[in-house]
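Subject: Structure handover: salt bridges

Hello,

Here is the structure you asked about. Please open it alongside this note.

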Amino acid sequence: MKGAEGSMYDFLIRNGLVVDGTGRPAFPADVAVKGDRIVKIAPNIEGEAAQTYDAAGKYVIPGLIDPHVHEEWYCFDDGAYESYIRQGVTTLVNGNCSHSIVPGHKKEILDYYLGNGLVGIKQYQRYLESWPDWHDFAGYCDAVAQVGTNCNFVTLLGHGSIRQYVMHGAWDRAPDELEQAQIENIIRHNMEQGAWGISFGLDYVPSRYATIDELCQVVSLIKRYDAVSAAHLRHRIGIPESTAEFCEVGCRTGAKIQISHLASAVPEAYDVALKAIQEGVRAHIDVIPSSVGHCTGKERMLLFTMALSDELFSQGIEGVKRALKTPEGRELIKRENYTMAGPKDKIYIVHSEDPHLENRSVRDIAQERGIDEDECMLDLMADDLNYVFWLNAPAAHVPSNFIDHCDSIVANPYVSVGSDTIMGDPEDPFDWYEIRRRGGFAVFAQMYLEKGVPYEEIVRRNTTLVAEHFGIHKRGRLMEGCYADVAVIDLPNYRYPEMDQMQYKTPQLNAEGCDLVLCNGQVELRDGELFRTYAGRVLKKNEQGL
């Protein structure tokens with residue numbers, strides 16, 4: 001039977017070493033694609049194809065799946081998702097850390113994002129004017145379809161957004177009976193339209209106000225859909241303790257949970273999670289493989305200060321500016337903005353309108369000015385110049401929470417990459433960025449290879465492990481009948497550049513060594529050339545093809 005243009009196959013990958021995503025040993029085979037599906041995997045496939053690719057000496061793997069990103073609205077600026085495609089990632093789990101694309105008018109959604117420092121003021125204004133409007137998950141799916149995406153989306157609802165919408169603010173109390181019913185109705189409505197679960201941001205307003213009983217009530221509702229509840233943990237009580245708390249939610253409800261961006265500097269937290277899994281909790285773990293601190297422009301620092309303060313949250317960015325002018329306000333900021341806590345030799349200025357301050361630590365500047373270093377930081381935040389602050393700059397030799405993984409983490413079969421890539425402003429790349437996260441999958445692969453982990457297991461961790469936990473059908477695996485999300489990896493060259501002090505000047509640096517990507521059967525990367533095919537889809541949990 002002939003297909004389009006007289007070809008039996010639309011695409012044929014020849015001579016590759018197939019890693020199918022299950023963990024089984026790699027094997028030599030060709031992979032044939034027709035439409036959006038893999039139709040044949042076998043040695044020496046005969047027949048014509050509209051396009052072919054010679055993968056000799058390279059691995060052919062399923063498109064990787066990132067279970068923890070914040071890319072739900074980036075497509076309205078640019079749907080290419082280049083940093084993911086260049087690593088072989090074809091599916092993104094969006095809506096993490098309590099941040100939701102529903103409910104309400106786009107202004108209410110954007111108000112939440114602005115309140116949590118997730119969009120800058122210029123972004124907020126631009127998106128308010130340019131975004132299509134939607135009111136629920138089905139409307140969001142239609143809006144994304146209008147602009148297109150190179151990656152598939154799996155989308156979680158965000159508890160914080162929903163709670164704030166229903167309670168008309170970020171209140172430190174439990175929802176009353178009517179409010180809880182409204183929260184549950186919103187969750188149910190959007191789950192029935194195909195959403196994939198719910199996320200919590202237990203360090204962030206207002207999710208931080210939820211008790212474990214409130215969490216369990218929400219998660220019990222999600223369990224009816226066999227969906228996943230993901231959490232940015234309540235880190236302020238301690239990382240092992242917060243891991244235990246969310247595992248207890250999984251234990252009480254029986255629902256599937258995702259422990260988000262767990263700090264590899266605290267391996268005992270992984271032990272807590274593994275013990276819970278062994279005792280029957282349905283949990284998986286994702287980790288940022290490498291992180292070298294956030295780079296943030298001044299406006300974003302002010303927004304973060306607002307977002308992290310119970311008192312300043314309702315006052316907006318102007319309230320933060322007022323607080324910087326009083327001793328009482330400064331004490332409040334020092335107490336509540338943990339991103340700038342601690343010694344100021346770890347905070348560098350990497351861009352400045354004053355060249356004299358460029359590439360210097362705040363401690364160094366404070367010593368030159370003869371003032372307290374905390375006060376110097378607040379002075380810099382309060383003056384009229386613009387800066388990009390590098391928090392936890394490598395030059396200061398500050399230990400990262402995301403470091404080289406110890407043996408117990410490497411051996412944990414429930415750990416996958418979650419890149420947690422920063423939501424910056426695509427029109428201002430220096431607004432907010434974190435360099436290493438853009439290469440998380442390549443970093444993870446090389447790190448684990450060096451520790452003796454077979455590549456087949458590395459691929460399994462980032463494909464079928466995630467797909468099966470979230471219930472994503474026929475993705476994350478190379479098998480006949482599965483969707484043709486496929487990547488070709490030149491493994492010796494699959495890497496992200498090692499960090500050096502000058503890379504803060506390259507906020508959009510990408511990984512190398514992924515030579516071909518198909519998403520739903522269409523070519524999105526080939527031999528270094530990126531295509532805006534926009535073959536990705538917003539997947540609906542309740543409408544997955546067989």
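A salt bridge here means a side-chain nitrogen of Lys or Arg within 4 Å of a carboxyl oxygen of Asp or Glu. Please keep in mind that this is a predicted model. By that rule, the count comes to 39 salt bridges. A few of them follow.

Glu 468 and Arg 477
The side chains of this pair, Glu 468 and Arg 477, form a salt bridge at 2.9 Å, N to O. Glu 468 is exposed, at 54% relative accessible area. Arg 477 is partly exposed, at 25%.

A network
Some salt bridges share partners. In this way Arg 330, Glu 331, Lys 334, Glu 375 and Asp 379 are joined into one network.

Lys 344 and Asp 374
Lys 344 and Asp 374 meet through their side chains at 2.5 Å, N to O. Lys 344 sits in the loop between helix 12 (327-336) and strand 15 (347-352), and Asp 374 sits in helix 14 (residues 373-382), so this pair ties together parts that are 30 residues apart in sequence. Is Lys 344 buried or exposed? Lys 344 counts as buried, with a relative accessibility of 1%. Asp 374 is partly exposed, at 24%.

Glu 184 and Arg 188
Another salt bridge links the side chains of Glu 184 and Arg 188, at 4.0 Å, N to O. Both residues belong to helix 6 (residues 177-191). Glu 184 and Arg 188 are four residues apart, about one turn of the helix. Glu 184 has a relative accessible area of 17%, so it counts as buried, the cut-off being under 20%. Arg 188 is partly exposed, at 23%.

Best wishes

Definitions and conventions
Residues numbered from 1 in each chain as written. Predicted model: local features only at pLDDT ≥ 70, side-chain atom pairs only at ≥ 80, totals over all residues. Heavy atoms only, no water. Helix = DSSP H or I, 4+ residues; strand = E, 2+ residues; numbered from the N terminus. Buried < 20%, exposed > 50% of the residue type's maximum accessible area, 1.4 Å probe, protein only.
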